[in-house]
Every structure is written in structure tokens, then in C-alpha cells.
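Dear colleague,

I am passing on a structure for you to look at.

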Amino acid sequence: MFDHNHLEYYTKIESKLQFGIAITTFYATNEPLIYRLLIKFPIISNMFCLLFSTLHIANTFQGQFTGNLAMSIVFITACIQTLSKGFVMRHYRNNMLKLLDKVQSLYNNFENKDINCIAEKNLAKFSNIWATYFKYAKTILILATVIYSIGNVIKGKSGILIQLPLIPINFPYYNQIVLFIQFLICTSMSVYSLNSDISIAFFGFEIMAASDILYDYISTNKDRIQEDPDFLKIITIRYCEVVNNIKRFNDIISLANLVQFVTSAFLSFAIFFFIRLYPKNPVGYIIASCILFQLFIPCLFGEFIKIKMERLSTTLYLTNWPDLNLKDQKSFVIVLGMTQKKYGLRAAGMYDVNIYTFIEIMKMATSWCAFMFTLEATIEKAG
């Protein structure tokens, strides 16, 4: 069986995953009160933020695209992204839990000693990658939230991106109250984004691990295909499991990816515009890095899953399957037919989730930004 320490590691991260799924899907479980508050915090704060940010834009917009307006658009779009992804993911919560059970079976379901050793190596590798990703993502989001909030405090009135209804602007300590509420909202967005991304990332890493386990097993035994009577059965079952997990994973994040693409395009446009207005302001670059990183991760997963499945297909074809008896050859041809299909991630079944899509969204946002600057310059000259 598996190394005891590795099983202990999975047991430790399982609680993080369960909590991450709860926050991602806005599902308040029977956890202690503090955890239930953390789960409900993002949805409540972002609903208020959506109202307060819209009110601020309606009362401050004067026909010009300013830095404050750009940041307000970033704020309100981030709220829309958080709420939309949360409600979409809530619909697929049961599928996420089923996929978690499927992934967990990778740690204790082995047909023989060879797969046991291969699985231990690959699962340890991808678990360490996930732990590193979690650590760096957490650090980046904390720094971004703190620096962004400090920047708003330094800017004072121009750093205010929301307006509280029914409270006059000349109310004592009004600006300080608003800035503190903005900090809480930013924190809630960071909490949601971190837990959502690391939960989804875990599934992506484990699917890649399952693909590599099968790839290594086939590569190690491809010249012994006739000697091992269970070889064909093992690779058929495991390949079907990988394909089914990819399909389930794709069903779960398909609409969420579409939300991510659309909102990231608007977020990138607004922050690029802010950077062009204030090229020496570090806050713009930090927020831009977070936006690009959040968009890049699912595209990277889609690219890697596609590449690994194509590599697996090639490896299967290069086995000595023509040496099998006629009955096994027919079974193997069916498996080869399955491998000819492209397995990757798609957004709402329409757009491929890969590096090319990431580049296209960045080009679109940059083009919008350039168009707005040209339009602003033209209007100023005409005036």
C-alpha cells in the first residue's frame, strides 16, 4: 500500500479542500460558527459592494474615463465575477464532491505493485506542486490586498470606490469608514478567489497525475503486453476513468470559465487603462498581475491536460498491440478509437481553454484600451 506519511498528507489537505469547496459554492455547512461566517462573508460583502460601487459610479461619472472610474470598474467587475462564479459553482457542488471521491480513490486503488510505485511518485510530485501553488497564491493575494488598501488610504478621497446610501458624505469619519469597508470587501474577494482557485487547481493537478500514472505504466510495460494478461484490462479501465474525470471536471468549470473569460477581459481593460494613466503607480501593476495570474491558471491547465492526453494517445499506439491475439486486438482498437478524440477544457462548450485563448483575451483588452485612449484624445482635440 501507499506510504503512510503520504496518506497522512492527503488527510491534512482534505479538510482544506472541503472548506474550499464550501466557500467556492457559497454552501454553509454544519461547521463551527466562524467557518460558516467565512463561507457567507464573500456573498454578503460582494452583494453590498455591487450596490455601493454602482451608486458611486452613477454619482461621480462626468463623461470622462478617469483613474477612479477605471478602479471602480475593476471593483464592480470583480464583484460580478465572484458572485457569478459562486452561484454557477454552487449548481455543480455535488459533482465537485463526487469528483473529490474519484480523485481520492487514486490514493488507495492499485491493481499491482508497479502501479503502486508509479502512483506514489506522481501523486507526491503533483501534491507538492499544489502545495507550492497554494503558498504562493496566498502570499500574492495578501500582498495585493494590503498594498491596494494602503494605496487607497494614501489617495484619500480619490481612493474611494463605493458610496454608502442614506449616509451623507459630510458625516464624521465618512471617508475612513468607507475605506475600511472597501478593505473588508477586498479581503472577501481574496478569500473567495484563493479558495476557489486552489480547489479547482487541485482537481486539475490530480487529473494530470492520473494521466501520468497511466502514461508511466504503459511506457514501462509496453514491451510486455503479451506477458501480462491484465495489462489491457488495467489500461482500459484507467483510461476510461481519466476521460470520465476530465469530462466531469469540464462540466463543473465550463460555465465558470466563461464567466472568468468575460470578466477578466473587462478587468484587464480597466486596469490597463489605469496603468496608462498612472504608469508610475505600483498598485496598477500588482492588480494587473493578480488578474493575469487568475486567468492564466485555468488556461494553463487546459493546455497541459490536452498535451498529456495527446501524449498518452501516442504512447498507447506505440505499444506492441499487433502482437495480441485477435480478440484482444479488437478490444485494444476500441481503446485506440477513444484516444483519437481531443480531451481538453472548454468554456460553455464553445471556447477552448488554453494558452491561445489567454493571449486572445489579452489582445482584446489591450485593443479596447488603445481605442479608448484614441477616442479620449480625439474628443479633447475636437473640444
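The notes below concern the aromatic rings.

This is a predicted model, in which local features need pLDDT of at least 70 and side-chain atom pairs count only at pLDDT 80 or more, while totals for chains, interfaces and linings use all residues. Residues are numbered from 1 along each chain as its sequence is written, and side-chain values use heavy atoms, with hydrogens and water left out.

Rings of Phe, Tyr and Trp (its six-membered ring) pair if their centres lie within 6.5 Å, and planes under 30 degrees apart count as stacked, over 60 as edge-to-face and the rest as tilted. By this rule there are 15 aromatic pairs. One of them joins Phe 75 and Tyr 148, a tilted pair with 6.5 Å from centre to centre and 40° between the planes. It links distant parts of the chain, since Phe 75 lies in helix α3 (residues 67-91) and Tyr 148 in helix α5 (residues 113-155), 73 residues apart; helices here are DSSP runs of H or I with at least four residues, numbered from the N terminus.

Phe 75 counts as buried because its relative accessibility is 2%, where buried means under 20% relative accessible area (1.4 Å probe, protein chains only). Tyr 148 is also buried, at 7%.

The rings of Trp 130 and Phe 134 have centres 5.9 Å apart and planes at 15°, so this pair is stacked. These two residues are four apart in helix α5 and are therefore separated by about one helical turn.

Finally, ring pairs link Phe 126, Tyr 133, Phe 205, Phe 293 and Phe 301 into a cluster.

Best wishes

How values were computed. Buried < 20%, exposed > 50% of the residue type's maximum accessible area, 1.4 Å probe, protein only.
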